[in-house]
Amino acid sequence: MTQTSLVLQIPAALEEAVIDVMLDNEAAARAGFVSRDVRFHGDAAIYHSVIEQIRGYTKVVEITLTLPEAAIRELLATLAAELPGRGLGWKIVPIIETGTI
């Protein structure tokens, strides 16, 4: 079973809604996840106000979760069904190795 990491980049206004969906998902809730406020820079940034355009970045929340790929795809399907068209960016990254030092 290959472990993968899901990295979500979501509008800050959707943080609570997305976290609620994730906590309702048994696999995600059991595994736990990290959320953090980040600044998104560059041409791909979607600015929600003139102030963000002037600053040159938009504030987003990044959520990282590690699960088997099938569980991540199930979670993404649930997020898509419950929050369609809301600008949730995501990527799935394979975990090659983990450990503790």
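This is a predicted model: local features need pLDDT of at least 70, side-chain atom pairs count only at pLDDT 80 or more; totals for chains, interfaces and linings use all residues.
Q: Which helices and strands does the protein have, and in what order do they run?
A: Helices (H or I, at least four residues) and strands (E, at least two) are DSSP runs, numbered from the N terminus. Here the protein has four helices and four strands. Starting at the N terminus, the elements follow the pattern β-α-α-β-α-β-α-β. The C-alpha trace spans about 45 × 35 × 20 Å along its principal axes.

Q: How are the strands arranged in the sheet?
A: Strands of a sheet pair through backbone hydrogen bonds, either parallel or antiparallel. Two strands count as paired if DSSP finds at least two bridges between them. In this protein, four strands form an open sheet with the order 2-3-1-4 and antiparallel pairing. Strand 2 and strand 4 (89–94) are at the edges with a single partner strand each, so one side of each has no neighbour in the sheet. On average, neighbouring strands of this sheet are turned by 25° against each other, direction ignored. For that angle, axes are lines fitted to C-alpha atoms, for helices over the stretch in contact, and angles run from 0 to 180 degrees between N-to-C directions.

Q: What joins strand 1 to strand 4?
A: Six bridges do, and the two strands run antiparallel. Look at Gln9, whose bridge partner in strand 4 is Gly89.

Q: Are strand 1 and strand 3 mostly covered or mostly exposed?
A: Here is the scale: buried means under 20% relative accessible area, exposed over 50%, and partly exposed in between (1.4 Å probe, protein chains only). Strand 3 (residues 57–68) is mostly covered, with ten of its twelve residues buried. Strand 1 is mostly covered as well, with seven of its nine residues buried. For the protein as a whole, 33% of its 101 residues count as buried.

Q: Is Leu6 buried or exposed, and what is it in contact with?
A: Leu6 belongs to strand 1, and it counts as buried because its relative accessibility is 0%. Contact means heavy atoms within 4.5 Å. Leaving aside neighbours within four places in sequence, Leu6 is in contact with Ile63, Thr64, Leu65, Ile72, Leu75, Leu76, Trp90, Lys91 and Ile92. Leu6 and Gly89 are 83 residues apart along the chain, and their C-alpha atoms are separated by 10 Å.

Q: Is Val38 buried, partly exposed or exposed?
A: Val38 lies in strand 2 and is partly exposed, because its relative accessible area is 24%. Leaving aside its neighbours within four places in sequence, Val38 is in contact with Thr58, Lys59, Val60 and Glu62. Val38 and Thr58 are 20 residues apart in sequence and, C-alpha to C-alpha, 8.5 Å apart in space.

Q: How do helix 1 and helix 4 pack?
A: Angles under 35 degrees count as roughly parallel, over 145 as roughly antiparallel, 65 to 115 as roughly perpendicular and the rest as oblique. Helix 1 (residues 15–24) and helix 4 (residues 69–82) pack at an angle of about 135°, with their axes 10 Å apart. The two helices are therefore oblique to each other. Their contact is made by Val18, Val21 and Met22 of helix 1 and Leu75, Thr78, Leu79 and Glu82 of helix 4.

Q: Which strands does helix 4 lie across?
A: Helix 4 lies across strand 1, strand 3 and strand 4, and runs at about 135° to strand 3.

Terms used: Residues are numbered from 1 along each chain as its sequence is written. Side-chain values use heavy atoms; hydrogens and water are left out.
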